[in-house]
Amino acid sequence: MTAARQAQLGVVIGLAMAFWTIVSTPVAAHGVSSKDALFLLSLNGPAIIPLMYLGAKHMVTGYDHLLFLIGVIFYLYRLKDILLYVSLFTVGHSITLLGGALGGIRVDPYLIDAVIGLSIVYKGFENIGGFRRLLGFQPNPRAAVLVFGLFHGFGLATKLQQFNLSPNGLVENIVSFNVGVEIGQLLALTAVLIGLTYWRARPGYLQHAYVTNAALMTAGFVFAGYQLAGFAIGE
Amino acid sequence: MNQAVSVTEVPLPSRSRLAVTTLAALAVAVVILMTIVLPAEYGIDPLGSGEALGLTAMSRPIAVEPIPLPAGGDALKPTPNGPINLYGAPFKVDAVEFVLGPYDYVEYKYQLQEGAQMQFAWKATRPVIHDFHGEVGADPTQVKSFDKSNRQEAIGALTAPFAGIHGWYWENPGAESVTVTLKSSGFYSGALEFRSDKTRKTHELSVP
């Protein structure tokens with residue numbers, strides 16, 4: 001495969017990722033579908049399995065969390081490292097999901113989602129060596145994943161808070177949602193890992209890595225801009 | 001498989017390449033936002049691309065053009081639409097009670113357009129002489145009886161066979177007072193009460 005051919009492939013993959021982000025935007029819209037919303041509003045009491053399902057569904061179809069995870073595990077090869085980083089992310093978002101939803105801490109969903117978009121940009125920038133070039137050192141990636149995990153958890157909490165869940169069974173429901181989020185994350189991560197592993201085994205992975213992470217930054221900027229515009233017009 | 005490369009071993013881009021990459025990512029994001037995402041999501045279409053691509057339609061609320069209600073006095077005349085009768089005005093509800101002294105009677109009727117519907121339930125404290133009927137165009141000489149049986153109660157629905165006033169004649173056959181209570185709902189425009197002393201009274205009807 002020639003260098004030009006590889007560069008072409010990289011651009012195609014990058015564009016495909018960006019396109020995927022765009023097409024999934026109106027569909028998933030990062031909220032809860034109206035059918036699920038009606039279900040949540042009608043709840044009065046614990047609904048453990050349905051909430052777990054919704055949590056898992058939110059994670060598997062929530063491209064913002066997925067893009068961030070792609071960025072996180074992009075340069076992670078050993079299962080030990082993957083487990084460490086994903087655990088840090090899980091700890092981070094569980095703290096704020098449970099704390100935010102149970103403690104009734106309200107944050108503007110648009111601003112939180114904008115920060116989540118910027119977390120994708122951050123990860124892409126880190127992966128192309130941006131911080132090491134710019135600052136001369138690598139800011140602790142574990143701390144970054146933990147901190148961004150906190151923001152992602154607030155994002156998850158705001159989704160649930162939009163439905164003014166009945167206080168009856170609230171704790172069970174939110175914990176179930178959180179458990180579902182972890183299951184969904186595991187499923188999504190497995191799929192991402194299979195794809196990345198397959199890709200890593202092919203020649204030219206490192207050449208495409210730069211373009212891929214640049215595309216990740218683009219997708220993060222798009223998502224952040226989309227949310228900031230929503231905040232600005234107060235929709 | 002390639003040898004594992006950690007993020008710290010990735011060859012660093014030059015400052016200028018880093019700047020170009022970051023600005024390009026931002027610029028592409030802005031273009032995608034301006035041309036596609038903002039028009040589709042919020043109807044913000046600074047470049048007109050959303051209109052050209054048909055994306056702004058996504059952010060508009062689904063157009064529901066209401067068919068105007070029939071205007072004027074015909075508002076309570078039904079317009080058949082398949083098995084449905086459509087009306088230009090809301091149905092009303094009514095609840096009245098009449099106390100009939102010995103051998104006294106009362107007539108109580110609703111103004112209905114042809115084909116308009118009305119549901120009712122009435123009950124008396126003892127059996128009464130009863131005639132459920134309609135007057136064509138409120139003309140007492142053109143009366144059509146629907147039900148002339150003696151009853152103590154009746155629950156039913158009427159579809160007016162013609163425009164006019166439709167309702168009940170209740171007569172107390174005995175020496176003791178009788179109370180008749182009536183509840184109804186229907187597409188009627190008004191109610192009239194006729195008493196044995198020849199008085200005539202219109203009733204206020206309420207919209208539920």
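Predicted model: local features only at pLDDT ≥ 70, side-chain atom pairs only at ≥ 80, totals over all residues.
In strand β8 of chain B, B:Trp168 is the bridge partner of B:Phe132. Residues are numbered from 1 along each chain as its sequence is written, while chains are lettered from A and ligands numbered from 1 in the order in which they are written.

Strand β5 (residues 117-136) of chain B runs antiparallel to β8(B), and eight bridges join the two. Strand β4 (residues 105-112) of chain B also pairs with β8(B) in the antiparallel sense, over eight bridges; here B:Glu107 stands opposite B:Tyr169. Two strands pair if DSSP finds at least two bridges between them. Strands (E, at least two residues) and helices (H or I, at least four) are DSSP runs, numbered from the N terminus. Six of the eight residues of β8(B), residues 164-171, are buried, so the strand is largely enclosed by the rest of the structure. A residue is buried if 20 or more other C-beta atoms lie within 10 Å of its own, exposed if 12 or fewer, and partly exposed in between, with C-beta atoms placed from the backbone.

Of its 208 residues, 25% are buried. Among contacts in chain B with a separation of 6 or more, 68% are between residues 24 or more positions apart; a contact requires the C-beta atoms, placed from the backbone, to lie within 7 Å.

Chain A has a mean pLDDT of 82, with 85% of its residues at 70 or more. Confidence in chain A is lowest in helix α1 (residues 3-28), at a mean of 47, and highest in helix α6 (residues 109-127), at 94. Over residues 18-29 of chain A the pLDDT is below 50, and this stretch has 20 contacts in the model beyond near neighbours in sequence.

Helix α9 of chain A has 31 residues, which should span 45 Å at 1.5 Å a residue; its end C-alpha atoms are 43 Å apart, which agrees. The expected span is 1.5 Å times one less than the number of residues. Buried residues of α9(A) include A:Ile174, A:Asn178 and A:Val181, and the buried residues of this helix pack against α3, α4, α5 and α8 of chain A. In α5(A), A:Leu98 is in contact with A:Ile174 and A:Asn178, leaving aside neighbours within four places in sequence. A:Leu98 is partly exposed, with 18 other C-beta atoms within 10 Å.

A:Val121 touches A:Met217, A:Gly220, A:Phe221 and A:Ala224, not counting residues up to four places away in sequence.

Technical notes. pLDDT = per-residue confidence, 0-100. Contact = placed C-beta atoms within 7 Å.
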